[in-house]
Amino acid sequence: MKRLSAIAFGLLCVTAGEVFAQLRVVTTSTDLASIAKEIGGAKVFVESLTAGNTDLHYVQARPDYIVKLNKADLFVSIGLELEAGWVPLLLQQSRNSNIRYGARGYCIAFAGIELLEKPTGEVNRQMGDIHPFGNPHYWADPINGIAIAKNIKESLVKIDPAGREIYEKNFNSFKNEVLKKTKELLSLMAPHRGKEVVVYHTEFVYLLRRFGLVQGMMIEELPGVAPSPAHAKKVIEYIREKKVPAILVSPWSNVRYAQKIAKESGATLLVLPIQTASVPEATTYINMIEVSVRMLHKGLSQ
Ligand SMILES: [Zn+2]
């Protein structure tokens with residue numbers, strides 16, 4: 001009995017010790033969380049503020065987000081104003097100077113990524129819910145996933161220099177895995193290069209570019225603005241005229257509306273997961289990319 005409790009006590013200490021030593025990483029999205037887990041491994045405890053099936057443009061902040069941010073050692077967000085409606089206030093309310101903008105614990109995930117759709121000239125409300133620094137949906141390109149991983153790795157090294165070797169090793173294996181998977185998917189997608197697709201929202205542009213596809217018309221009249229019947233008619237005519245094979249939507253877009261347009265125009269509707277854990281099969285970032293690309297391939301092969 002005595003021995004048993006000694007063992008139990010020992011186990012408890014090990015567990016408590018490990019938990020204590022873990023860095024707390026808080027991310028805004030499941031993709032960033034998945035990548036942070038790959039890089040941090042057992043040295044980190046990672047939590048995403050949102051679930052996979054979330055429209056990250058519009059998130060209702062909850063009080064527990066502030067609690068999580070208050071205890072965080074590292075905060076990773078997508079940035080580029082994608083989360084502008086909910087993150088800045090939360091950071092302020094978290095009263096955690098370690099993760100304020102510019103601090104060691106604030107990771108700029110998009111550093112080093114070539115951003116697409118940067119608006120030229122003046123940006124105003126008439127242009128819709130436009131992102132003034134460029135399209136923020138950059139994680140949809142797996143090669144950008146490597147850049148995100150590198151940025152997270154560098155932040156972790158800054159906070160925990162003793163862990164450098166582990167973070168470097170984890171980064172290299174993640175990078176190799178992504179490169180291998182991307183190569184495989186590129187050859188799968190080779191027959192579709194140059195094909196044009198219609199999208200609901202401009203959130204697939206990085207994915208499309210990586211796999212050699214072209215983003216045609218958008219169902220949204222302007223980013224974040226629901227389409228008018230006149231615009232929907234134009235999209236249908238466009239699809240028919242150019243024989244566009246597919247319409248891409250994310251699960252949180254107006255799928256029913258896109259379905260109607262698909263039906264009337266004859267295009268195939270593809271609901272791509274595009275975020276980790278938005279569908280059960282997309283358990284990790286790499287799985288999510290694979291599920292999305294294979295779905296795209298299948299839809300374009302019809
Ligand atoms: Zn967007």
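Predicted model: local features only at pLDDT ≥ 70, side-chain atom pairs only at ≥ 80, totals over all residues.
User: What makes Phe174 count as buried?
Analyst: Count the C-beta atoms around Phe174: there are 23 others within 10 Å. The cut-off for "buried" is 20 or more, so Phe174, with its 23, gets that label.

User: Which residues is Phe174 in contact with, leaving aside its neighbours within four places in sequence?
Analyst: Those would be Glu38, Ile39 and Ala149. Take Ile39: Phe174 and Ile39 sit 135 residues apart in sequence, but their C-alpha atoms are 7.5 Å apart in space.

User: How do you know what span to expect for α6?
Analyst: Take 1.5 Å times one less than the number of residues. With its 26 residues, α6 is expected to span 38 Å, and the 37 Å from its first C-alpha to its last is close to that.

User: On to the sheet. What is the strand order?
Analyst: The order is β6-β5-β7-β8, in an open sheet with parallel pairing.

User: Why are β6 and β8 called edge strands?
Analyst: Each of them, β6 (214-218) and β8 (268-271), has a single partner strand, so one side of each has no neighbour in the sheet.

User: How do you know that β5 and β7 are paired?
Analyst: Pairing needs at least two bridges. Three bridges join β5 (residues 196-199) to β7 (residues 246-249), so the two strands pass the test, and they run parallel. Along them, Val197 stands opposite Ala246, and Val199 opposite Leu248.

User: How many bridges join β7 to β8?
Analyst: Four, and these strands run parallel too.

User: What makes the crossover from β7 to β8 right-handed?
Analyst: The chain goes from β7 through helix α9 (residues 255-265) to β8. Look with the strands pointing away from you: a path over the helix that runs clockwise is called right-handed, and this β-α-β crossover is right-handed.

User: Which way do the residues of β7 point?
Analyst: Ala246 and Leu248 point one way, Ile247 and Val249 the other, and all of them are buried.

Notes
Residues numbered from 1 in each chain as written. Buried ≥ 20, exposed ≤ 12 C-beta atoms within 10 Å, placed from the backbone. Contact = placed C-beta atoms within 7 Å.
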